[in-house]
Amino acid sequence: MSLFLSALDGSSGVGLHRGRAAGRGNGYHRWTYRSAIAVTVASLMTICSLGCRSAVVSEDPAATFQHIRSDFLHGNLDVAQVEADQARISFASKDAGWSMRFRLLEGEVLTYQGRRTDVLKLLDDKTVSYPEAGDAAIERDLLCGLAHAGLGQPQQSDKELHQARVLSDQSNSNLDGEVFRAEAKIQLNRNNLTSASDLYEKSLRAARTHSDAFLEASDLLNLGFVAMQREHYDQAVALLQDAANFAKSVQARQVTEAALGDTGDALYHLGDYEKALSNFQAAEKEAAEIGTTSAQVVWLWEAGSAYYKLGNLKEAKTCYEKALKSATAINAADQIADIDTQLALLLLQEGQFDSAKVRSDEAVRAAYLSGDESVEIVAKFVQALLAMHQTGGQDTERMLVEAHDSAAGTPFMRWQIEDALAKYYSGKQDTKQAESWYRRSIQTFEDKRTEVSGMDLKLPFFANGDELYRDYAGFLIASHREEEALKLLDKGRAQTLAEGLRTGKKASTLREATSPETVAGKLHAVILFYSLGPDKSYLWAVTGGHTDLFVLPKRQEIESRVQSYQRSILKSSDVLREANADGRYLYDAIVAPAASLIPDGARVFVIPDGGLNGLNFETLLKPSGEQFHYWIEDVTLTNANSIRLLSQLGSALPSTDAKNLLLIGNPVSSGSEYESLPNAPAEIDDIRKHFRADHETVLTQADAMPSAYGTTRPDRFAYIHFVAHGTASRLSPLDSAVVLSAPKAHPDDYKLYAREIVHYPLHARLVTISSCYGSGLRAYAGEELVGLSWAFLRAGAHNVIGALWEVNDASTPMLMDRLYGGLEGGREPAEALRAAKLEMMRSQGVTRKPMYWAAFQLYAGS
């Protein structure tokens with residue numbers, strides 16, 4: 001007999017900011033099982049092709065078993081459980097051996113469904129005589145051992161798993177891989193990660209020796225899960241994606257579901273909450289379809305945690321309550337503890353302290369019953385947070401210090417506790433201790449961040465530390481150290497962008513600016529640095545002479561106005577003539593406080609935050625008497641990522657006689673999704689007339705292929721311009737692309753992706769992406785909008801022009817002609833773009849509306 005076992009059951013929680021690896025070998029210890037009879041992938045495919053899904057008991061027990069086994073392995077758990085139960089009863093009087101096999105098969109299904117009590121009821125039936133040796137005895141011991149472990153009965157579990165190991169060794173059973181797997185699961189539950197990893201590796205080798213594809217897929221899943229417990233989330237993503245791909249190839253829906261969800265968990269810890277939520281929802285849907293109640297519980301509350309981090313407390317609470325109801329129904333103590341912990345945090349944030357305490361106490365009780373110490377640590381940390389908000393919480397310091405000591409090997413948990421300790425001491429007016437803990441929290445976070453590899457994973461990671469930086473900055477501001485707070489927040493900005501720009505440069509060229517005022521003075525500009533917060537926001541206005549701090553409305557209030565104003569602009573409203581209320585409010589709220597520092601004609605660098613990344617500040621409505629005008633009429637605006645990078649702006653611009661142009665566009669249409677651009681030829685002709693023919697490299701129609709960009713050596717050009725469709729991906733911004741022509745041999749290869757662009761170093765004075773959504777759709781904490789513009793900046797472009805929304809094919813050539821006319825006349829990119837916009841804005845035609853001229857923004861590089 002052969003048992004298919006994976007880490008497919010259970011759950012875990014987090015500390016203050018959720019997160020499963022909050023100090024435990026934690027886990028969503030999901031269990032699945034492989035058959036009591038070895039089933040090859042080929043035979044499974046044959047069985048599946050029969051298409052029968054009714055509970056059928058034939059006279060042939062082997063055929064019946066294979067049929068039920070197929071249903072189970074491919075995720076039809078409810079059907080398989082009913083079929084196995086019927087077959088067990090039917091063969092009880094005919095063939096005791098086959099009845100036993102159907103009993104064990106039903107036990108496997110029940111285990112995967114998380115019905116541990118039902119497993120023991122089925123397999124501890126005193127009226128049934130079990131063999132004392134052989135695979136059936138091994139399988140029964142494994143199933144009972146795992147059920148007792150899940151119910152918090154470690155001594156009984158250890159006894160049964162030890163017996164399974166002895167029986168397997170005595171008989172050289174092919175179940176050795178499943179025995180290794182069960183032992184690994186127990187080690188994982190006890191946070192013995194090295195032992196768990198070694199045992200999973202042994203199971204993987206056994207699976208490959210026995211050509212057991214399903215076991216191999218689940219082993220890859222488990223190794224990915226162990227990597228998560230070690231907080232090696234980038235490694236976990238790679239392993240889990242391999243597991244998902246392998247599982248899909250053999251139609252192992254249980255493993256596919258688990259790999260989807262665990263990948264979501266890894267992405268969550270990397271700060272990519274949107275993509276994590278998408279994975280959790282897909283895993284929960286898969287679990288619901290295959291009847292895995294225990295797994296469904298986990299993905300529900302994981303989705304709730306993602307909603308929580310995204311600020312949607314209503315949806316978070318709904319997910320938590322659904323998950324708690326199901327977890328209670330199956331008596332899953334570890335899951336109940338996790339969910340109660342999250343509910344306590346949510347209620348705490350809402351100020352419902354009494355209700356939060358009830359949930360927190362329930363979490364501690366359930367954690368104790370689960371036997372998982374790390375779950376108990378998290379629950380007690382929440383109790384410490386509650387004590388901070390209650391009068392007479394004298395034990396808060398002790399509780400926090402104990403939690404910190406317990407989380408010594410878990411950075412994700414530790415920096416949250418360190419931040420809480422800093423807040424505690426700050427509240428006690430112990431500024432020395434508070435500052436020490438704030439610094440420790442950020443150092444813990446940054447040490448962990450350096451371990452993350454790959455742009456896709458680094459980009460969202462700062463979301464984990466965003467609150468740490470804001471908390472420390474708030475402390476510095478309260479201590480009247482406003483400029484230190486600005487430097488601190490700026491240090492956290494654009495880290496992934498800055499790291500990429502170190503390529504080929506000395507590290508010192510990207511050093512932190514010693515004085516924001518020095519940078520502003522060097523640029524002869526005003527720098528507006530924004531930080532949006534849940535309770536209040538800040539604006540630092542920096543000039544060559546001094547730095548001023550202004551308190552602004554909270555994030556939600558500002559962002560809701562930005563969204564409303566953008567909707568008006570995109571509806572082609574004439575917001576100026578209508579004196580749009582949102583446009584007026586936004587100027588008054590986020591610019592007017594610093595207006596006295598911004599003279600007319602000033603050069604202004606905006607370093608936005610959060611939802612401000614999607615706002616073109618040029619469109620804000622500034623009052624002049626009883627009338628209003630667009631702010632663009634008073635200032636020349638450029639968007640930037642950080643003061644640190646601005647300190648290097650213009651330090652290595654191309655020489656003034658570098659007028660060479662790379663122009664790519666007007667590609668061959670790639671199907672109905674991307675129709676031809678009727679005005680693209682005109683735009684190309686208009687741009688070419690501003691350059692000498694011998695300084696132009698023009699690739700159009702069939703020549704405008706993605707591969708052509710690299711082969712032309714883009715580092716040779718001062719100006720690069722794309723005239724094409726553009727795509728932006730919110731979930732995967734580096735999959736944003738310029739849509740070009742497909743090679744004949746590869747008709748699907750027609751996109752130049754952002755992830756490819758970053759690998760071609762640039763020295764361009766200006767890259768212009770004359771396409772829709774060139775700026776991107778998603779703003780990462782600390783990195784701002786990431787998409788095509790960001791990719792060209794990271795490649796080394798000194799300036800990039802990209803669009804915030806869909807651009808008009810008719811008006812865009814007009815704007816670009818005027819832009820390049822200004823550049824030809826000697827204007828800087830910011831001045832040339834502003835002049836082109838003003839000319840359109842001051843026309844009497846439809847192009848006066850910001851929808852036609854305000855999409856394009858200039859982004860400064862380094």
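Start your tour at helix 2 and helix 3, whose crossing is left-handed (the near helix is turned anticlockwise from the far one by less than a right angle; helices are DSSP runs of H or I, at least four residues, numbered from the N terminus). This is a predicted model, where local features need pLDDT of at least 70, side-chain atom pairs count only at pLDDT 80 or more, and totals for chains, interfaces and linings use all residues. Residues are numbered from 1 along each chain as its sequence is written, and side-chain values use heavy atoms, without hydrogens and water.

Select residues 61-73 (helix 2) and 77-91 (helix 3): they pack at an angle of about 160°, axes 8 Å apart (axes are lines fitted to C-alpha atoms over the stretch in contact, and angles run from 0 to 180 degrees between N-to-C directions). Helix 2 is therefore roughly antiparallel to helix 3 (an angle over 145 degrees).

Now select strand 18, residues 856-860, where five of five residues are buried (under 20% relative accessible area, 1.4 Å probe, protein chains only; strands are DSSP runs of E, at least two residues). Phe-856, Leu-858 and Ala-860 lie on one side, Gln-857 and Tyr-859 on the other.

Finish at Leu-646, whose contacts (heavy atoms within 4.5 Å), leaving aside neighbours within four places in sequence, include Ile-527, Phe-605 and Ala-860.

Key: Buried means under 20% relative accessible area, exposed over 50%, partly exposed in between (1.4 Å probe, protein chains only). Angles under 35 degrees count as roughly parallel, over 145 as roughly antiparallel, 65 to 115 as roughly perpendicular and the rest as oblique.
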